[in-house]
Protein chains: 2
Amino acid sequence: MDLETVRTFVAAADAGQFQEAAAELAVTQQAVSKRIAALERNLGVRLFTRTARGAELTIDGQAFLPHARELLRVAERAVASVRTGRRPLRVDVIASRSAQSGLMRGFHRAHPDIELDVVMLFDIETAVAAIRSGAIDASFRAVAVPGRPLPEDIESVRVLDEPLQLLTGPAHALAGARSVTVAQLAGHRIWMPGIVPGTEWAAYYDDLVAEFGLTIEATGPNFGSDALLDTVADTPALATFMGEPTRLVWLADHGLRRIPVTDPTPVYPHSLLWHRDKPHPALATLRAHLAATAAGHDATGTWAPGWVIPR
Amino acid sequence: MDLETVRTFVAAADAGQFQEAAAELAVTQQAVSKRIAALERNLGVRLFTRTARGAELTIDGQAFLPHARELLRVAERAVASVRTGRRPLRVDVIASRSAQSGLMRGFHRAHPDIELDVVMLFDIETAVAAIRSGAIDASFRAVAVPGRPLPEDIESVRVLDEPLQLLTGPAHALAGARSVTVAQLAGHRIWMPGIVPGTEWAAYYDDLVAEFGLTIEATGPNFGSDALLDTVADTPALATFMGEPTRLVWLADHGLRRIPVTDPTPVYPHSLLWHRDKPHPALATLRAHLAATAAGHDATGTWAPGWVIPR
DNA sequence: CTGTGGGCACAACCGTTGGTTGTGGCCGAC
DNA sequence: GTCGGCCACAACCAACGGTTGTGCCCACAG
């Protein structure tokens, strides 16, 4: 199906005749006739009843019309999403199931009129480069890895601390615990495949390991979180970390247990980054929304690396 | 833009390489390459970065991807809307701003998973024919015009009485009234263009006129409700009837006044009609929903023609 | 460093699609 | 009955989109 054909259908439905629609689309009446005929052939139904002074929609045509309009709307939004200049607010998040995705969903609920696109970049270096090039408008990241400070033209504000929880299979030694302390984790194997050295998330876990003497294995390729969870569920000696907002529904299927970590609770610090000189119109709204929702969080009893920017 | 191209883009993005996407779509790798190149040319941005072992999305490509998926979803729904057998529930209403549209919106809110198409047919005769032919699954209509009883295979239930209100311009003699009695309306000109003799709505207004001695003019072609409202707003001697649920927002612009009618309140009786032997899977849900919402309405002090089916 | 294999792009070719012009038929209005 | 408006069909042609054949690039292994 061709969108130009759909556009022709809508034009003909609105005009009530092919002739006028043809003029509107700057083609001949015969072309419209052919397009509609082809569409009807594809769909297997008659969309118009041809009368002596025009064409009016059949019942099927009436049912199809709003879907056709919706199709054109979505197509327009799709094109707008990659239009240079005045495109939707484009934000980078670290993972689709992470806390910042929840923040963005909340923002979208609060401001459904603001067009939004979410992308996932590799690491903060890529994100900063994308912000500076204008490819994205903002990024949620843990910032300021030691030795690599943010450039002058990038501003940031800490918006969310995501508590880490332990994820174990039903046969794990700690599976029955209501909560565990960080000290208890020493000696247990924690598996987090896919950690790439040099990224800011690798730096976070490096610091976590150094601070509390944990054992985090990053061996093996990352086959996606489903494969990870399957393995953790089936391997009694293995556990992994996962952010708190991860939905429970798809954990239950695997028989997985989520256990809060305390004394202190490691939190992954998310900051919003943006360019000092390239303010997207919707960016101010996003910052205001985040400031409003982030207020009231308590940092006592939590741990984050010393190199992250303070709250 | 061609939907087959969009489908190709999504397949390539999912596969991470053109070759595999080509196999999935049963075309050659070169065809995929050409399609993607054409799409990139149309959009004016690069969607993939070609690497030695595949193609991965650029930031623009990542932003475009969810829109592309949405486009395919909408297209599928559009095709499904005219598919014979197992298509969405298709309901006929009398006018888009009428009470039944509100009912259908409420139903959609209550059951967002049920696919729904709304059409507007000419009169009950057309609607009954469409129900019997299977073109629609149900219809909201005032039924049983005297002398033309419903066929045996059509069932119906009265679901909503829509109170009529008087609509006047600011300079109308009754513009300041909080409410008017039917008796007060005698002698005032009420204009309702577009009433077609022989339809069930014409029969309703005929009965209303005969019962209370009103003056309803149906002269002149119907140029749409906007033109009607403009004229009513500017003509002190003219008023019209409109159903109660009509939204106020777009009445205020015209300086229009809506005045309840009492002693008695004329109500337009809407019934749901459906075929005894062609039950759409979702029809039972709709009937249950209507039964639940319609309960508790009070018929005292209202008037409807004697020929409509009882509540 | 070099050979190799996998993957994408370019070129040439060709059938089909989708546009045009020209024309005919139908139906409602006068 | 005639006229006018509108849509469908036919013939023709350009352009698009597919195929096969081939070359280049890059990652990886030897």
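**Notebook: DNA strand D and the aromatic pairs**

I began at DNA strand D, where a polar side-chain atom of Gln30(A) sits 3.4 Å from a base nitrogen. I keep in mind that this is a predicted model.

Next I looked up Arg35(B): one of its polar side-chain atoms is 2.5 Å from a phosphate oxygen of DNA strand D.

Which elements give two or more residues to the surface near DNA strand D? I noted helix H2 (18-25), helix H3 (29-43) and strand S2 (54-57) of chain A, along with helix H3 (29-43) of chain B. By class, I read six nonpolar, eight polar and six charged residues on this surface. Of the atoms of DNA strand D within 4 Å of the protein, 67% belong to sugar or phosphate and the rest to bases.

Then I turned to the rings and found 16 aromatic pairs over all chains. I picked Phe9(A) and Phe64(A): their centres are 5.2 Å apart and their planes stand at 65°, so I wrote the pair down as edge-to-face. Phe9(A) belongs to helix H1 (residues 3-15) and Phe64(A) to helix H4 (residues 59-80), both of chain A, so the pair ties together parts 55 residues apart in sequence. Both Phe9(A) and Phe64(A) are buried.

Key: Residues numbered from 1 in each chain as written. Chains lettered and ligands numbered in written order. Predicted model: local features only at pLDDT ≥ 70, side-chain atom pairs only at ≥ 80, totals over all residues. Heavy atoms only, no water. Phe/Tyr/Trp six-rings, centres within 6.5 Å; stacked < 30°, edge-to-face > 60°. Helix = DSSP H or I, 4+ residues; strand = E, 2+ residues; numbered from the N terminus. Buried < 20%, exposed > 50% of the residue type's maximum accessible area, 1.4 Å probe, protein only. Near = heavy atom within 4 Å. Polar contact = N/O pair within 3.5 Å; in protein donor to acceptor, adjacent residues only side chain to side chain. Nonpolar A, V, L, I, M, F, W, Y, C, P; charged D, E, K, R; others polar.
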